[in-house]
Amino acid sequence: MKRRNFIKSGGLAGLGAGLTILNFPVFGKNAPSNKLVLGVMGVNSRGNWLAQCAAKLPGAEIGYVCDVEDGAIAKGLKAIAGAQEKKPTVIRDVRKLLERKDLDALFVATPDHWHAPAAIMATAAGKHVYVEKPCAHNPAEGEMLVAAAKKFNRLVQMGSQRRSWPNMQQAFREIKEQHVLGKVYYGKSWYLNNRKPIGTGKKVPVPDTLNWDLWQGPAPRRDYLDNIVHYDWHWRWHWGTAETCNNATHELDCLRWFMDLDFPTKVTSAGGRYAYPKDDWETPDTQTLNFEFEGGKAISWEGRSCNNYGLEGSDRGFAIFGENGTLYVPGNDSYKIVDNQGKVVKEVKQAAPSEQRATNLVSPAGEYYDAIHISNFLESIRGKAKLNAEINIGYRSTLLPLLGNIAQRSGSILHTDPSNGHILNNAEAAQLWQREYENGWAPKI
């Protein structure tokens, strides 16, 4: 069954503990009391996909598209046209968008340096927020976002969609509540890809199609180079947050969730730009992170951006080890439980159609699974559900790879306060807890 037909035909309603089904009265999905007007900031890639998914859900309308590049805007409008009849209004400056009284919620899918500042501005403007991972470029602004959500009493959901997947929720109950593994003490996660060199950027005139000043937004100004937009900003510390925040956030979030972990006590990182060391890629392409927690628990993550030979049979995933066996999750909504003799005692397959990475580079499992998480956000706004990845959860899971980045950049072992994750007795590393902002752009609450 095709993804779109699966959702429209009710496949979404047939699966998923924890999913509140959209249940509308006589007027249907377009009843004024049910309709939520959404704006999507950043529609070149992930935001484009989120907009398509959200537009197909009952009672949701993409009213606004916000982007700073003409090609991305055209791409976003085309995608949304296939999902809803009404054409969204284009507003290029998010500050202007947030002035719109009919806007209920903002989806933030920009480059990472925009995530927290845009989300903070949105909550201050009275809007609910769906922010893609990582929720922050640095720990300080992540803390600010948590405070802003509380101060302005707005719902903020991070795009940790696995928390809404039905089989992941089932596996959580088995590990955390039913204790099928007994005491759990170690979690392992990984992400692999086959990214190519990005070359050496040349200083060239800013294309007429791009508002470079707005693209940079909160970040201190830099010259435009021809290998930054649209994707390779990820690998520059000035705007990006490395493969750690780009991908490790998901599996580390699951390990925190299943193993009942909060802030760490110790963080280490090893790695570097090993595969293609002569290009502009600044962040590690090969990296291992290790985190220790109170109560005798530890987790790790291995990332290989430029060599995708699979671990445990998959290019991403996680495993949890306990006194009575192991949980293995191969990166999608399936899992198996293995006892200490290596016998598979339970195996659960993903129930809905899945996108393959070869055909869908912006979604880990496909439309159904993103739609569940978005639906949870929309139903929470309506007061019919509770956020599965509210920002207190999202920030804590984002903080882990951010601390890993700080350990890597400072070349030090981090000892951290288990009550809040703050770095202890390391002034050099603590300087990376926050960043400088372009004059007039620092987040405020």
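**Figure 1. His179 sits in a loop of this predicted model.** The loop runs between helix H7 (166–177) and strand E7 (184–192). Phi of His179 is near 55°. That value is positive, in a residue other than glycine. Most residues other than glycine have a negative phi.

Figure 2. Pro134 belongs to the loop between strand E5 (128–131) and H6. Most peptide bonds are trans.

**Figure 3. Val229 and His230 are joined by a cis peptide bond.** Omega is about 15° here. Look for His230 in the loop between helix H8 (212–216) and helix H9 (242–259).

**Figure 4. Domain 1 and domain 2 are in contact.** The domain assignment of the chain gives domain 1 as 33–161. Domain 2 is given as 162–352 + 391–432. The C-alpha centres of the two domains lie 23 Å apart. Domain 1 brings 31 residues to the contact, and domain 2 brings 36. About 2,900 Å² is buried between the two domains. Carbon and sulfur atoms give 63% of that area. Three residues stand out on the domain 1 side: Val68, His113 and Gln161. They supply 22% of the area that domain 1 buries against domain 2, more than any other three residues.

**Figure 5. Polar contacts cross the interface of domain 1 and domain 2.** There are 21 residue pairs in polar contact, with both residues at pLDDT 80 or more. How many salt bridges does the rule find across this interface? It finds zero.

**Figure 6. Helices and a strand build part of the domain 1 side that touches domain 2.** Helix H3 (70–81), helix H6 (139–151) and strand E6 (156–158) each supply at least two residues. Which element gives the most to this side of domain 1? H6 does, with six residues. The residues of this side divide into 15 nonpolar, eight polar and eight charged.

Figure 7. The chain averages a pLDDT of 92, and 91% of the residues score at least 70.

Definitions and conventions:
Residues numbered from 1 in each chain as written. Predicted model: local features only at pLDDT ≥ 70, side-chain atom pairs only at ≥ 80, totals over all residues. Heavy atoms only, no water. Domains from an automatic or database assignment. Contact = heavy atoms within 4.5 Å. Buried area = accessible area lost by both parts, 1.4 Å probe. Salt bridge = Lys/Arg side-chain N within 4 Å of Asp/Glu carboxyl O. Polar contact = N/O pair within 3.5 Å; in protein donor to acceptor, adjacent residues only side chain to side chain. Helix = DSSP H or I, 4+ residues; strand = E, 2+ residues; numbered from the N terminus. Nonpolar A, V, L, I, M, F, W, Y, C, P; charged D, E, K, R; others polar. pLDDT = per-residue confidence, 0-100.
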